[in-house]
Amino acid sequence: MARNERKNNKVIIVIILFFAIISILAYFIYENIEHYKNNQNEIIKLTTTLNEKIEEKNTSNTENNELLEKINHLKNIEKETTELKEEVFNLAKNLEQDIINKKSTKKIAYLTFDDGPYYLTHKFLDVLEQYNVKATFFTIGSDKKKCYDNRSKECYPLYKKIVDSGHTIANHTYSHAIWGSLYKSTNNFINQVKKQENLIKEQTGVTTNILRFPGGSSTAGKLKNSIINELRKNNYGWVDWTSQNGDGGSISSKEQALKTFKNSINENIEVVLFHDYNNITLSMLPDAIKHLENKGYILLPLFYESVMINK
Amino acid sequence: MKKSILIITFIILTIATSFFIYTLYLNNNSKNDIKKLKSDIQENQELINDKIKNKEQLEKEYKELNEELKEEVLEYNLWLEMKEKITK
């Protein structure tokens, strides 16, 4: 009897122990699961935060890369401008062909200034800068050492200013002596071309191969073909003009010059002749630019590959 | 009968203990994950701070260069404008 009782007590103790162990285990398991749930929630929050940080880092990276690109562009801006200039000339060459073949309704005008640099040239450059226009200057060399102007005593620095301002500098012979020895012989002419070429090179570092005959190519008379042959041998191209304001002759007022100029604009590709020694031309230049722009002309500086340059 | 009760008890205890150990393992793993995430966030924050500093320097450099090369920039933009006029 007593043995049975002891046996029962043992069983009860074992059962109690079993439940106690199970309860303790269940409690810790419950605690662990609760911790685990909390951890999982924290992991979700942290993952979101991390993703946000990664996104922020990537945005910063992109912004910094964009800034770096801009800085590199600025550091190489001179080179990039030269490349862009070449690209513009290539595009302009194709556009000229399209205009000639009537595949494009666009129009191009080349503003050209002869016989400078003169003491007024810097004022012409200022107007062109103001209107964001690039032009072409057919320069001569004689009597240009002194420019009796308030701003600059010397005309020679103007060669460089023309080039630095992004305009095309071209050759109009050194002497421009139409009534002198210039058209006496082909050699005389070519010597004057070479002399001016050297002066331009010396003053600007630029070697030009675009020429305008002083007085126009017809002034060369019988020598024209012979001169052109020599120019070809020297890789020179030459250009006359298709429109003008008459400032090489006698114009008496801005209105007259403007009227002559407007009447002369008829072509889809115009080469406009002006002289940068002429005060009347200086005063009418803004109106001339506006007139061309209103008529839809794209104003460009001349370039050797242009169809307007005879080769 | 007694033996089978003992076996069942042993099995239940074994399962409970194993499950307990498994929850411990899971908890430990998630704690490690949290640690790693926190360290990743910290690392990324440091990188972001560096980038911000770098950006400030770059902005300063860009501003200075832009000011210094003002005329060249205008010149470039003018040619770009000519290109657009030709191509548009």
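This tour goes through a predicted model, beginning at the interface of chains A and B and ending at one helix of chain A.

Begin by selecting chain B together with whatever it touches in chain A: 47 residues of chain B are in contact with 56 residues of chain A, and the area buried between the two chains is about 4900 Å², 75% of which comes from carbon and sulfur atoms. Within that selection, pick out B:Tyr76, B:Trp79 and B:Ile86, which supply 16% of the area that chain B buries against chain A, more than any other three residues.

Next, turn to the polar side of this interface, where 17 residue pairs, both members at pLDDT 80 or more, are in polar contact and where five salt bridges are found. To see a salt bridge in detail, display the side chains of A:Glu63 and B:Lys55, which meet at 2.8 Å, N to O.

Now colour chain B by helix: H1 (2-68) and H2 (70-87) each supply at least two residues of the side that touches chain A, and H1(B) gives the most, with 33 residues. Coloured by residue class instead, that side of chain B divides into 23 nonpolar, 10 polar and 14 charged residues.

Finally, move to chain A and select helix H4 (residues 156-164), whose buried residues are A:Tyr156, A:Leu158, A:Tyr159, A:Ile162 and A:Val163. Because these residues cover an arc of only 155 degrees around the axis, they lie on the same side of H4(A). The last stop is A:Gly166, which follows H4(A) and has a positive phi, near 85 degrees.

Note on methods: Residues numbered from 1 in each chain as written. Chains lettered and ligands numbered in written order. Predicted model: local features only at pLDDT ≥ 70, side-chain atom pairs only at ≥ 80, totals over all residues. Heavy atoms only, no water. Contact = heavy atoms within 4.5 Å. Buried area = accessible area lost by both parts, 1.4 Å probe. Salt bridge = Lys/Arg side-chain N within 4 Å of Asp/Glu carboxyl O. Polar contact = N/O pair within 3.5 Å; in protein donor to acceptor, adjacent residues only side chain to side chain. Helix = DSSP H or I, 4+ residues; strand = E, 2+ residues; numbered from the N terminus. Nonpolar A, V, L, I, M, F, W, Y, C, P; charged D, E, K, R; others polar. Buried < 20%, exposed > 50% of the residue type's maximum accessible area, 1.4 Å probe, protein only. Arc of directions from axis to C-beta.
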